[in-house]
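Subject: Structure for you to look at

Hello,

Here is the structure I said I would pass on. Please open it first, and then read the notes below alongside it.

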Amino acid sequence: MVKPRLNRRELSARLSLAANARVCDSLTAAYVDSDDSYRIGITGPPGAGKSTLIGRLASTRLLRSDGDLALVVIDPTSAVSGGAVLGDRIRMEAVAGDPRVFIRSLASRSNLDGLAENLSDVLLVFESDGFKEIIVETVGVGQVEYAVRNLVDTMVLVLMPGVGDQVQAMKGGILEKADIYAIHKADLPGTTQLIAALNSVLKQKAPVAGSWAPMIVPTSVDNDESVDQLNAAIEKHRMWTKSSRTMSMVRARRRAYHVGSLVARRVSEVLDELSPEALTLPPAALYEMVILRLRANLPK
Amino acid sequence: MKAGPLRGKRILVAKPGLDGHDIGAKVIAIALRDAGAEVIYTGLRKTPESIAKIAIEEDVDAVGLSILSGSHRELVRDTIRCLADLHGHNVPLFVGGTIPVEDRPELLSLGVRRIFTSEMKLSDVVDSIVAALR
Amino acid sequence: MSQRSELNAVTDDKDLPPPSEFTASGISLPLVAIATDHAPRGEGEPGRAPYTRGIFADGYRGRLWTMRQYAGFGTAEESNQRYKFLLAQGQTGLSVALDLPTQCGYDPTDSLARPEIGKVGVSLSNLSEMETLFEGIDLGGISTSFTINGTAAIIYAMYVACADKQGVPRRKLTGTIQNDILKEYVARGTWIFPVRPSMRLIADTILYSNDETPRFNPISIAGAHVRDAGATAVEEMAYTLANGLAYVDELISRGGNIEKFAKRLSFFFYVHMDFFEEVCKFRAGRRLWARLLQERYKVTDDKALHFRFGVVCGGSSLTAAQPYNNVVRVAVETMAAVLGGAQSIFTAAFDEASQIPTEFSAQLALRTQQIIAYESGISKSVDPLGGSHLVEFLTDKTEGEILKVLTEIDEHGGVVKAIEDGWLQSRIAERAYERKMSVDERRTIVIGVNAFTGKEEVQSGESFRLDPEIAKRVSSRCEVVKEKRDNDAVARALARLSDAASRDNANLLPYLVDCCHTYATVGEMVAELKKLWGGFKEPIRV
């Protein structure tokens, strides 16, 4: 039996609940893991033109599928005011008006990851409403992107040529965790060098039998074909994940991440609640105190 | 992090129609952000339909329309209708721009919560929105 | 409290700051300026390069500035009636404001257009509307000014086509189109295509006009709108000069001869309230433009070095509160414009900030100029403030500050790149925010708004109520034209336009004129070009 869809306003309200949930709410919420949905994470330094590319990619994917598409766009919060201007969805005008598309902007707030709190739950809300495909866009490169790596099926890193030695700067981090590298605005000078630098880093990774060989795709929003090629690369990876992973493996990993981030947040909450005197305790004693409080305040 | 008065609130700042003057909208967006709000700014040339869609998808606490082209009556009416079509009839609506005094009662009777002019102090605008959203 | 003591309470604003040492754009002024504060002025002759003191040796005695009046809005027929009335009164210059759909390239039948039809100007979707607008008016005998930018090439082509149909030789046509797309991207918002193809369209229009309608002024490079949006006087002039140089480069790259086209470039600014800053802004602008053209492009013809400009006295320097104060503001600003040597002046009505001007307020705006022209005596000698130590000091300083901003823009890669990146837009938004906070926090005083405020009823006149039937009528007229015309001819003309647009070396104007003659609509011509060029995507960086 097909579950009735929510209307968009109801869905939106549930997304907000999920996005703003406290740890105990998150632990008791009964989101059903979805078997057949597909999640794409797209990340990259600001200024690379990610959002526009994502808009075009989304357009392409809509043409080739029947279902609805969710876009989760994560922008940074201002450290000073706690506010944010969430502007990325504007660049996706191509698809924003399509009734099959639902775009939600999230501020990254104070979560340890830098990632929007409760992103896990937000994605599950979309999936439980029948969205078969979700694209998550994150800002910048770094800690944030490790989290997204854990939550999505395919990870795309968007880089732009001519911006100094990004490869060096990002080595050891997200750079080596992506499945596909989109070299955006590939018509600009520096593309060849960037691709060469990327290749040299990727070759250094010892290939594991049966592992995915990362793909590099030059893209340009003026070139429809290049967007199709990016999409083709994504589809290729998607097929590979189907054949090489089981959903239970994926779910296990995601659950580990989810609960891990909840614990981390709870630790942060506990530390915030402590008195200034408590914080002057020696590390071992403070550690004990935190553990005790974590156990004492287990959610019902 | 100090808690601004609009901390936790999500506010849409929109430019409906063809009016190309976006400075006021950008200034307000900055002021709202500095008061702690998560602001979504739509950019120019948005239809009432797309504004309503954005408002609903983003589950905003308020929608601010910036209109300096004289077409405020039609655009406000159309936006309210489009919001209602998406079950958003009770999303608080604010209007800023060049709204002549004699047009204000009509807008207020349509459900607009507050009307702002460019001479109001930004802090007064923020306070007014805080009060309206309580 | 009695009325008298209320008045006293309001005038006792003790915490108002004393006059600042800085101009509004932040230049530090000496307490008393003396001769050694500035360079000795060796080349200070009006009518001689670099024209600091004025472009004409005989100043206003030779020719008074043009007093511009705004025209209205509404339908082509109503405007036609108004024009005939004004012409009968002796006016020879007509000014046409277009509605937003026409400005942004949408036909009245388009859904985005519907609420905006005829509101801020007249709807001119095709040649038949322009024919109605000028029915019974000899285009060869008048000067027409169009405030049009994104669709300037099209409206200009339509005007030429209209003249063709009246049998008026093109060489007789005179007037202006604003035709300045760069400022649209940062302050006014009636852009259509991405920046580079738009630059081409601007250049094509100017070069075509220079040949076909040599008496026509095909561009008015406007700093006014960035100023109104929040830029300082220095930035206003700097961005304008930068835009001007960008157009010069584009024109040269499309085969234009600078000694010829530069003669028909003109500029347009606001005048705000910091009196000497405004005067010196114009003197510095005049000097800089001439110098830049001489140094960078080796221009030698005097007329090609002339920095001709018009001004608006009003805009965001006026207040909705205590509107009569604006009469004084406009008068002060007009005096600054005259002492700065403007070629044309538009004075705003005092109630412009809150409503459509009434006949009374519009007339008072015009009288302001006339009183200053005929009673004040300040126009009798050329550049009467020249030689004042303060004015020469401030002119030099302003020039220096303008050059700094020009350098910043160059370092960013030029004005076109600055706009494509959104850099210029976010600078202006930041400045606007600073300006607003400065007034909110009373670091900048605005009488009636943050000082000497009083309880008053805001005077309200009529707000413009466009007959809702008009939008329908205009829309259905457009549809009727589309039915009755030869649609095959339209399709062929649009195809030729498209083909020309894909060839970088073709001037698009003849093709646009042809399209207009077939009664193709503005929306259709724009859509055809959009297929090739795409539409502009705003780079939003708040």
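**Around C:Ile428**

Leaving aside residues up to four places away in sequence, C:Ile428 touches B:Ile23, C:Val186, C:Val226, C:Ala229 and C:Tyr239. Please keep in mind that this is a predicted model. C:Ile428 belongs to helix 18 of chain C, which runs over residues 423-440. Its relative accessible area is 1%, so C:Ile428 is buried. C:Lys263 is 165 residues away from C:Ile428 along the chain, and the C-alpha atoms of the two are separated by 30 Å.

**Chains B and C**

One of the residues that C:Ile428 touches, B:Ile23, is in chain B. How many residues of the two chains are in contact? On one side there are 39 residues of chain B, and on the other 40 residues of chain C. The size of an interface is often given as the accessible area lost when the parts come together. For chain B and chain C this area is about 3,100 Å², with 58% of it on carbon and sulfur atoms. Within chain B, the residues that lose the most area to chain C are B:Leu18, B:Arg45 and B:Glu119, which together account for 25% of what that side buries. B:Arg45 also has its charged end over the ring of C:Trp191, 3.9 Å from the ring centre.

**Aromatic rings**

A pair of aromatic rings is described by the distance of the centres and the angle of the planes. Over all chains, the count is 26 aromatic pairs. In one of them, C:Phe269 and C:Phe309 have ring centres 5.9 Å apart and planes at 75°; an angle over 60 degrees counts as edge-to-face, so that is the name for this pair. C:Phe269 is in strand 7 (residues 265-271) of chain C and C:Phe309 is in strand 8 (residues 308-313), so the pair ties together parts that are 40 residues apart in sequence. Both C:Phe269 and C:Phe309 are buried.

A second pair is C:Trp289 with C:Phe307: the centres are 6.4 Å apart and the planes are at 45°, so this pair is tilted. C:Trp289 lies in helix 12 (residues 275-297) of chain C, while C:Phe307 lies in the loop between helix 13 (302-305) and strand 8, so parts 18 residues apart in sequence are tied together. C:Trp289 and C:Phe307 are buried as well. Ring pairs also link a cluster in chain C, with C:Tyr83, C:Phe134 and C:Phe146 among its members.

**Helix 15 of chain C**

Helix 15 of chain C has 16 residues (359-374); at 1.5 Å a residue it should span 22 Å, and its end C-alpha atoms are 22 Å apart, which agrees. Its buried residues are C:Ser361, C:Ala365, C:Leu366, C:Thr368, C:Gln369, C:Ile372 and C:Ala373. An α-helix has 3.6 residues a turn, so residues three or four places apart point the same way. On the other side of helix 15, C:Glu359, C:Phe360 and C:Tyr374 are exposed. The cover over the buried residues includes strand 1 (66-68), helix 14 (325-340) and strand 9 (344-347) of chain C.

**Chain A**

Chain A has 11 helices and eight strands. Of its 300 residues, 49% are buried. In chain A, the charged end of A:Arg5 sits over the ring of A:Phe131, 5.3 Å from the ring centre.

Regards

How values were computed
Residues numbered from 1 in each chain as written. Chains lettered and ligands numbered in written order. Predicted model: local features only at pLDDT ≥ 70, side-chain atom pairs only at ≥ 80, totals over all residues. Heavy atoms only, no water. Phe/Tyr/Trp six-rings, centres within 6.5 Å; stacked < 30°, edge-to-face > 60°. Helix = DSSP H or I, 4+ residues; strand = E, 2+ residues; numbered from the N terminus. Buried < 20%, exposed > 50% of the residue type's maximum accessible area, 1.4 Å probe, protein only. Lys NZ or Arg CZ within 6 Å of the ring centre and 35° of its normal. Expected span 1.5 Å × (residues − 1). Contact = heavy atoms within 4.5 Å. Buried area = accessible area lost by both parts, 1.4 Å probe.
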